[in-house]
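User: Hi! I am new to reading protein structures, and I would like to learn how to do it feature by feature. Could you guide me?

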Amino acid sequence: MARAIDAARACLAHDDVPIGAVVTAGDGTELAVAGNERELRGDPTAHAEILALRAAAERRGSWHLEGCTLTVTLEPCAMCAGALVLARVDRVVFGAEDPKAGFAGSLGNLLADARLNHRPEVTSGVLAEPCGDLLRDFFRARR
């Protein structure tokens, strides 16, 4: 989670919402690290999770990310949760819950939907306070 928090902090340099994500292989090897780049790229899909999944798939040479863990500072939204299922990520670890857009337990739980062909293991609340503080401070400064 520390690497994801560092990636989230880096988002502040380009005025993006500070969310960071890391993809690791089963042996702990870091495959990709990314932060939000929606503002930087002008791309609504440039969430930290999506960018990290793309980079990890490129590094692996396959979109199949079985055996991998994605660690992210904020609960994934519906788009990112869907991508995690489709990439077949084995485990998702997140920090702060997102009561307004989270789809790993808050608004819904796409990651646990039995109708889908894959359901990653989910661990929530890891370093939730520092992850949430980054976001609260970012939005407080914008008000």
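User: Let me start with Asp15: what does its relative accessibility make it count as?

Analyst: First, some ground rules: this is a predicted model, in which local features need pLDDT of at least 70 and side-chain atom pairs count only at pLDDT 80 or more, while totals for chains, interfaces and linings use all residues. Residues are numbered from 1 along each chain as its sequence is written, and side-chain values use heavy atoms, with hydrogens and water left out. Now the idea: buried means under 20% relative accessible area, exposed over 50%, and partly exposed in between (1.4 Å probe, protein chains only). Asp15 has 42% relative accessibility, so Asp15 counts as partly exposed.

User: What is the phi of Asp15 near?

Analyst: Most residues other than glycine have a negative phi. Asp15 has a positive phi, near 60°. Asp15 lies in the loop between H1 and S1; helices (H or I, at least four residues) and strands (E, at least two) are DSSP runs, numbered from the N terminus. Leu127, also not a glycine, has a positive phi of about 50°, and Leu127 is in the loop between strand S5 (121-123) and H5.

User: Which residues does His64 touch, apart from those up to four places away in sequence?

Analyst: Contact means heavy atoms within 4.5 Å. By that rule, His64 touches Ala87 and Arg88. A polar contact is a pair of N or O atoms within 3.5 Å; within protein, one must be able to donate a hydrogen and the other to accept it, and residues adjacent in sequence count only if both atoms are side-chain atoms. The side chains of His64 and Arg88 make one, at 3.0 Å. His64 sits in the loop between helix H3 (48-60) and strand S3 (69-74).

User: Which residues touch the most other members of the largest nonpolar core?

Analyst: A nonpolar core is a set of buried Ala, Val, Leu, Ile, Met, Phe, Trp, Tyr and Cys residues joined through side-chain atoms within 4.5 Å. Here the largest one has 39 residues, and Val23, Leu53, Leu70 and Val89 touch the most other members. H3 gives the largest share of this core, five residues. Leaving aside neighbours within four places in sequence, Leu70 is in contact with several residues, including Val23, Leu53 and Val89.
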